[in-house]
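Please keep the sequence and the structure in view while reading.

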Amino acid sequence: MASVTITVNGQKRTADVEPRTLLVQLLRENHGLTGTHVGCDTSQCGACVIHVNGKSVKACTMLAVQADGASVTTIEGLADGATLHPMQEAFRDNHGLQCGFCTPGMVMSAVDLVQHNADPSEQEIRDWLEGNICRCTGYHNIVKSVKAGAAAMRKTKTKKK
Amino acid sequence: MDGSLIGSPVRRKEDQRFLTGRGNYTDDINRPGQAYAYIIRSPHGHAKIKKIDASAAAKTKGVIAVFTGDDMKVGSLPCGWQVKSTDGSPMKEPPHPPIAQGKVRHVGDQVCVVIAETYAIARDAAEKVKIDYQPLPAVVDMRRALESKSLVHDDVPKNLCYDWTIGDAKAVNDAFAKAHKVAKIELINNRLIANAMEPRAAIGDYDRSNGDYTLYTTSQNPHVIRLLMGAFVLQIPESKLRVVAPDVGGGFGSKIYHYAEEAIVTWAAGKLARPVKWTAERSESFMSDAHGRDHITHAKVAMDKDGRFLALMVDTMANMGAYLSTFAPCIPTYLHGTLLAGNYATPAIYTNVKAVFTNTVPVDAYRGAGRPECTYLLERLVDVAAREMKLDRAEIRRRNFIHADDFPYQTPVALKYDSGDYHTLMDKAIRLSGWDDFEKRRAEAKKRGKLRGIGISTYIEACGIAPSAVVGSLGARAGLYECANVRVHPTGSVTVFTGTHSHGQGHETTFAQLVAERLGLTVEQVDVVHGDTAKIPFGMGTYGSRSLAVGGVAIAKALDKIIAKGKKIAAHLLEASESDIEFRNGAFTVAGTDKKKMLGEVSLAAYVPHNYPIDKLEPGLEETAFFDPLNFSYPAGCHVCEVEIDPDTGVTKIVNFTAVDDFGRVLNPMIVDGQVHGGIAQGIGQALLETCVYDDNGQLVTGSLMDYCMPRADDLPSFKTGTHNVPARDNPLGVKGCGEVGAIGSPPAVIGAVIDALSPLGVTHMEMPATPLRVWQAINGTKHRKAAE
Ligand code: FES
Ligand code: FES
């Protein structure tokens, strides 16, 4: 057993896990954060995307022990209390989700895209999301959502300044 | 508020929980004291199990039990449909044990289950189970199955499940004899894997105090699972078995069926008196979720000198896989053979379907189920017919469409279409897609060294899967009505219990719109509950685009009863005659006066019946309704696809995709549009990317997301969608259904476009998926051939 401490959604949490435990398992099973999903066993689907130290990561590609000391944000930690993050709001407003299973990964990935590229084009969004599979939406409304989410994030940024 | 909610793009109520990570999917659920199941699956396509030695695994620390087929002798996983062969004999229905009994019949077949304190322990211990197999020759290729010496089931000769026909063979032969021209095609409808993003999962729970079982499962139809598993497999009465299908991450058909794992965890929970959980790894999904499509078809159409269709003849072989899955036999027959008229007034049709067993995963409904296969062969054949007749592809369709004033239209293959306007649908799609000035774009692309092509397809779909009498006469072993319960609470908010199930379709919103509109409430005041047999009186679930067309009408009928009872209560409260009471915008009024009572006042009176017509009326305001329609509903549409091919790489890029559909009345256009997008993406996936491959030994070659090509965001364009909605005549709400159309209409349009792009090189045929390799070979094959000539 290994002891792993991470700061997840602003809270410091420690758990004892087998060394082979994946980060996604630590989150789902030890910390009860079931918003991060597991859709595959080959790191293809992106349902498990979270932020580790601010960057998007597939939580199934990392061992829990590798995240020791890291700061992690999951979909549960994205909204500001009752106020949705602009990207979440954009997904709702543009019907960017259906069954919701890919959604946490999509949203977390999209937020990181906008951190890199404040105003991504349709093609840039499609290229970025290549590692996130959605079987429901045909991506049409996801792309629309990310565009709208990026625009909203730009606005909040200017407001904050 | 009258009319404001119906047809309005109300944002989805369910999104709040999904967007914040608070969805509740089966794998998110954990029961106190839960154990974990790991299922050992067959690595062989076909083999005898000679011996299983699980002693070392059973002794491992943390292992609770190891069960084999010898331990779990229960009923067979049942098939819900019976198809009769032309000679009157029933289809062959070999047993399908949840854990293999002596023989495995496909890679992934369940052989043994290890149950332990953690999943990791179960998985590790499984490696210690020694299984001695004697491999047998596998039956993989459908075309060879009928002659194969190897039998998937010893008592099924020739591996033939059934040999079914429909239509008038003599009329068809006569028409071919006097045809001006005949167009022919031979094609494969490629085998697909649904790959809903949420892998299947199941938790069995057993309550020692009262002997009640609960199954949490990733299902599109919990009541159907309760019925099938309870009555046929485990012999648990409905009153002792609760099935919960919580949030489900996509289904597309693959989560309709009763699967072995559901029975295994429920049975094991009873044996061990503790909860047992199983969650599929994606590689297990590939080898245990029912696959889709997999037809080989020969078809021909006879035409007169104007290109009018005189008769259609279709021969199909359909792969059933190793066992009959719940809906399997009806897909190539009742959902395929009966659709062969398509949008056309073809007077004579005859089709034969041979269903065969192979050593592959069972094949069953996948989005569209039979109708995509039917549309694909028909539309590809019509393209060939256009070429034979030297007619424009739109023109030959126009000439053969059923006219808008010919509805209701009785086809020669059993169905009666109630409504439609195919000419207008196609005209709109042609306008929206720029069909008429395509040649300009082809010429422009040519300058850039690209091959550009355009394809068109039209489709008709029979959905709103129900009419119990009709499906019963066709071989369904259950009714396919739907049930709803509407509960008006004392203070006027409403809970709706529906027997349909939402796994992405947004019922919590659409149904709330329907109810809010009718009762004069806000969408927020209406809660929709689904997916729990303990809460919902009954239901047949969601598939075949039936939820609104059947389940929505059941809700509307329950609302009729609520309003009728409300009028009685209001008449009493307002001291008026019941016949003078009107209900509008949430208020019961006395006609011609300003006397009124709001719904909330009436419901309060119903639950606090101090001043109440108690001698004539029961207290309470809650009604249940069942609805069984008299006919299917018939959405239709026209899809146009434009592609550009890079001749150097063979890569096909979709540059435009247009869909114009007829859904009848639409409640939420935003949700409907989303359904269309998702369907089109799956259709494009089938046409360009996806295919399931087995090798000759029955090994699944495409067994992971690294080998099976799912459409990614960068494979697809944004779509142009439009509608020409003609309200359904035979549906009380006028609705038709929208869930499957995208997957039905799109593949022939895509392949038509690929062939059109390659037609200057003399290419006339392309199989799905049109991968870069296939396209490159087609390009270079013809080039080489031409050079050699
Ligand atoms: S679970 Fe599929 S990429 Fe992580
Ligand atoms: S919304 Fe279902 S997988 Fe994306």
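This is a predicted model: local features need pLDDT of at least 70, side-chain atom pairs count only at pLDDT 80 or more; totals for chains, interfaces and linings use all residues.

Of the residues in chain A, 57% count as buried, and among contacts with a separation of 6 or more, 58% are made by residues 24 or more positions apart. The accessible surface of chain A comes to about 6,500 Å², with 48% of that area belonging to carbon and sulfur atoms.

Turning to chain B, one finds 19 helices and 30 strands. The radius of gyration of chain B is 28 Å, close to the 28 Å that the globule rule gives for 789 residues, so chain B is as compact as a globular protein of that length. Its C-alpha trace spans about 95 × 75 × 55 Å along the principal axes. Buried residues make up 65% of chain B, while residues 24 or more positions apart account for 80% of its contacts with a separation of 6 or more. Chain B exposes about 27,300 Å², and carbon and sulfur atoms supply 52% of this surface.

Within chain B, a pair of helices deserves a look. The axes of helix 9 (residues 371-389) of chain B and helix 10 (residues 393-400) of chain B come within 9 Å and cross at roughly 105 degrees. Because angles of 65 to 115 degrees count as roughly perpendicular, helix 9 of chain B is roughly perpendicular to helix 10 of chain B. From helix 9 of chain B, the residues E379(B), V382(B), D383(B), A385(B), A386(B) and M389(B) meet R393(B), I396(B) and R397(B) in helix 10 of chain B. By class, this contact has five nonpolar, no polar and four charged residues.

A last stop is D696(B), which lies in the loop between helix 17 (669-689) and strand 30 (720-723) of chain B. With a relative accessibility of 60%, D696(B) counts as exposed, because the cut-off for that class is over 50%. Leaving aside residues up to four places away in sequence, D696(B) touches A138(B) and V140(B). The C-alpha atoms of D696(B) and D141(B) are separated by 7.6 Å, although these residues are 555 residues apart along the chain.

Definitions and conventions: Residues are numbered from 1 along each chain as its sequence is written. Chains are lettered from A and ligands numbered from 1 in the order in which they are written. Side-chain values use heavy atoms; hydrogens and water are left out. Axes are lines fitted to C-alpha atoms, for helices over the stretch in contact, and angles run from 0 to 180 degrees between N-to-C directions. Helices (H or I, at least four residues) and strands (E, at least two) are DSSP runs, numbered from the N terminus. Angles under 35 degrees count as roughly parallel, over 145 as roughly antiparallel, 65 to 115 as roughly perpendicular and the rest as oblique. Contact means heavy atoms within 4.5 Å. Ala, Val, Leu, Ile, Met, Phe, Trp, Tyr, Cys and Pro count as nonpolar, Asp, Glu, Lys and Arg as charged, and the others, Gly among them, as polar. Buried means under 20% relative accessible area, exposed over 50%, partly exposed in between (1.4 Å probe, protein chains only). Accessible areas come from the Shrake-Rupley method with a 1.4 Å probe; for residues, only the protein chains shown count as cover. The radius of gyration is taken over C-alpha atoms; the globule rule is 2.2 Å times the number of residues to the power 0.38.
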